[in-house]
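These are my notebook entries on a structure that I am reading for the first time. I record each item that I looked up, in the order in which I took it.

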Amino acid sequence: MCGIVGYIGKRDNPQIGLSALKRLEYRGYDSAGMAVYNPEKQEIFCLKAKGKISELEAKFSDAPLHGSPFILHTRWATHGEPSEANAHPHWDCEKNIYLVHNGIIENYKELKELLIAEGHKFASETDTEVIAHLIEHYFKNNLEEAMRQALKKVKGAYALAVIARKDPGKIVVAKFGSPLILGINDNEFLVASDASAIVSHTNQVITLDDNEMAVLSPNDFFILKEKPIEKIEYDAEETQKQGFSHFILKEIFEEPDAIEKSIAGRMILDQGLAKLGGLEQVLEQLKKVDKIIITACGTASYAAKVGEYMFEEYAKLRAKTEVASEFRYKNSILDDKTAVLAISQSGETADTLEAIKEAKRKGCLTLGIVNTVGSSIAKETDAGVYCRVGPEISVASSKAFISQLSILALITVGLGRQREMSLVTGKNILEELQKLPELSKKIFNQADYIKGLAEKYSIYRNFYFLGRKYNSSIASEGALKLKEIAWKIHAEGMPAGELKHGQIALTDENFPAVVICPSDSVYSKMKNAMEEIKARKGKILAIATEGQEDIKNLADDVIYIPKTLEMLTPILSTIPLHLFAAYLGLELGLDIDKPRNLAKSVTVE
Ligand code: M6R
């Protein structure tokens, strides 16, 4: 989703901004732009391009701009098609105010009508442009004052970076509902949508909170309230591909490490206890909880579903997954004995954030499993557990999902041991969990084989993904990942038992099924589904447990995963599905890091 970069300081080459902007490419975008204040000419100059940042860079090489401050933006179209006119920065009638924006202005139509009636002329179809004209309306040579007035009229979400020709020497930034951080360096300040854009310049950052505004000048910055400077906990190297051709491959290959990092130091093995520091302050409240709702979007919602099964079976706690975009509207029955657990890689997903706010309004205890430290969801929830897997750059989520599953297993032990779970069961789950980093590494010995399968299956345009019980939502994750990364293919994931209730009508020799069938309590039922597919000449690619030789009688191809506890099988069965999707996307010649139409961090509802 939209990315913002801004700079003010001693350097006057906006190439720094372009390099930072490229680090936000992963968020997804379809046009880019920049505005630079030239102090000699006392003018703001602007460049925009539809498509990739490289298009903008080419324009910049042809006609370089110099000066400071400068603001840059990648736009992911919401209001108005991807075009140069709709790309940010946007400006006012006088070409005084230039701004970049991430978020959605919900009352932009009303504001636009009022501004047009006043004589303002609009140049784009965007919601963003109204903010430039609204600031113009209030501007009396002090940018922050005009912004303060203007933002009182705005409804919706925004992260804004604004410069003004008639009030030069400053960038004014403001945040409500969309992320924005400040980077602090010697005599220079940066602004960005997230830390990965600026970590090569500084690791000293301030995360703005909602309703905050900051004024950055070359030698100083001013926020409306005192805030601590935080340190970014990863370095620039972690945001590089480190020898892999694509981030998604690097991140899938990091999945064993993701399990390790998610569980490290979080177990007291001999007591069969989970040691989750982030939940300690709410342990007493958690004992009283009689229902947990897990809310999330996309891939994270599939992790939630696995968590639901774990919590009910092992923690003996009523659990339910609610897709976050529905949560607010469904009006679930909630009370102070309900905990609402949000799962989010970015910690900025607007739907999930709103679900948490709604849960808080209704008096629930709110918890988070979040990867991005200091993100909005991490701050909004009462307590939570960080994934600690470092930045996930590829648009499609991979290692974060594996981490979410690992943490859900830990929370299951935590909740379970507060209830009926025995020491023996708690110990057993933790011991098996501890083996997973090593066991999961073994799956990568089949990487070339999986690549070969991706080539073999690349002739098909439709796939089913089937699983049961713990792996029913892994089927959905496998299908989503294939649709995202290899977007020329349609895939549907479902609980295997559903196949015979309708979907099987489509099965024939051109419609293969990926069947997740480890040796678990539902294996025999999975075999029934496979028989049904075989009887209709459907090809089967099975994910089975090492030693399950009989599967070869039913499946055309088999990828084996190591044996583990049934509730932990999703952590292993997901890995080959992620690899299969990535290799299939490559096979189809697609940009597997940036699937078309998608944004990494979905900060609009
Ligand atoms: O950052 P979040 O985990 O909250 O994101 C949720 C979904 O938007 C995300 O998982 C999405 O489905 C990905 N494209 C999946 O690969």
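Which residues are linked with Glu144 in a network of salt bridges? I found that Asp167 and Lys170 join Glu144 in this network. I note at the outset that the model is predicted.

**Entry 1. Salt bridges**

I looked up the total and read 34 salt bridges. I then took individual pairs.

Arg11 and Glu188 form one of them, with their closest N and O atoms 2.8 Å apart. Arg11 belongs to the loop between strand E1 (3-9) and helix H1 (15-22), while Glu188 belongs to strand E10 (residues 188-192), so this pair ties together parts that lie 177 residues apart in sequence. I also checked the accessibility of both partners. Arg11 is partly exposed, at 31% relative accessibility, whereas Glu188 is buried, at 3%.

Lys469 and Glu313 form another salt bridge, with the closest N and O atoms 3.6 Å apart. This pair links distant parts of the chain, 156 residues apart: Lys469 is in the loop between strand E22 (462-467) and helix H16 (472-485), and Glu313 is in helix H9 (residues 298-315). Lys469 is partly exposed, with a relative accessible area of 24%, and Glu313 is partly exposed at 30%.

For Glu549 and Lys552, I read a salt bridge whose closest N and O atoms are 2.9 Å apart. Glu549 has a relative accessible area of 44% and is partly exposed; Lys552, at 47%, is partly exposed.

**Entry 2. Nonpolar cores**

I asked which residues touch the most other members of the largest nonpolar core. They are Leu367, Phe463 and Phe580, in a core of 93 residues. Domain 2 (245-439) and domain 3 (446-587) both contribute residues to this core, so it lies between them.

Leaving aside residues up to four places away in sequence, its contacts include Leu279, Val282, Leu286, Ile292, Val340 and Thr381. A second, separate core has 32 residues, among them Leu21, Ala32, Phe60 and Tyr234.

**Entry 3. The eight-stranded sheet**

I looked up the strand order of the open sheet and read E3-E2-E4-E1-E10-E9-E11-E14, eight strands with antiparallel pairing.

Strand E9 (residues 181-185) and strand E11 (residues 204-207) run antiparallel and are joined by three bridges. Ile181 stands opposite Thr207 of E11.

I then looked for helices against the sheet. H1 lies across E1, strand E2 (31-38) and strand E4 (70-75), and runs at about 25° to E4. Helix H2 (residues 53-62) also packs on the sheet, where it touches E2, E3 and E4, and its direction makes about 135° with that of E3.

**Entry 4. Strand E6**

Is strand E6 (residues 97-102) buried or exposed? I found six of its six residues buried, so the strand is largely enclosed by the rest of the structure. Both faces are covered: one side carries Ile97, Leu99 and His101, the other Tyr98, Val100 and Asn102.

I traced the pairing of E6 with two strands. Strand E5 (residues 90-91) pairs with E6 in the antiparallel sense over two bridges, and His90 stands opposite Leu99. The hairpin of E5 and E6 has five residues between the strands, and Lys95 takes a positive phi near 50° in it. Strand E7 (residues 158-164) runs antiparallel to E6 and is joined to it by six bridges; Ala161 in E7 is the bridge partner of Val100.

**Entry 5. Backbone details**

I looked up cis peptide bonds. One joins Ser68 and Pro69, with omega about 5°, and Pro69 is in the loop between H2 and E4. Another joins His88 and Pro89, with omega about 0°; Pro89 sits in the loop between E4 and E5.

Finally, I noted positive phi values in residues other than glycine. Arg388 has phi near 65° and lies in the loop between strand E21 (383-386) and helix H13 (399-418). Arg388 is partly exposed, with a relative accessible area of 36%. Lys537 has phi near 70° and lies in the loop between helix H17 (523-534) and strand E25 (540-545). Lys537 counts as exposed because its relative accessible area is 58%, and exposed means over 50%.

Note on methods: Residues are numbered from 1 along each chain as its sequence is written. This is a predicted model: local features need pLDDT of at least 70, side-chain atom pairs count only at pLDDT 80 or more; totals for chains, interfaces and linings use all residues. Side-chain values use heavy atoms; hydrogens and water are left out. A salt bridge is a side-chain nitrogen of Lys or Arg within 4 Å of a carboxyl oxygen of Asp or Glu. Helices (H or I, at least four residues) and strands (E, at least two) are DSSP runs, numbered from the N terminus. Buried means under 20% relative accessible area, exposed over 50%, partly exposed in between (1.4 Å probe, protein chains only). A nonpolar core is a set of buried Ala, Val, Leu, Ile, Met, Phe, Trp, Tyr and Cys residues joined through side-chain atoms within 4.5 Å. Domain bounds come from an automatic or database domain assignment. Contact means heavy atoms within 4.5 Å. Two strands pair if DSSP finds at least two bridges between them. Axes are lines fitted to C-alpha atoms, for helices over the stretch in contact, and angles run from 0 to 180 degrees between N-to-C directions.
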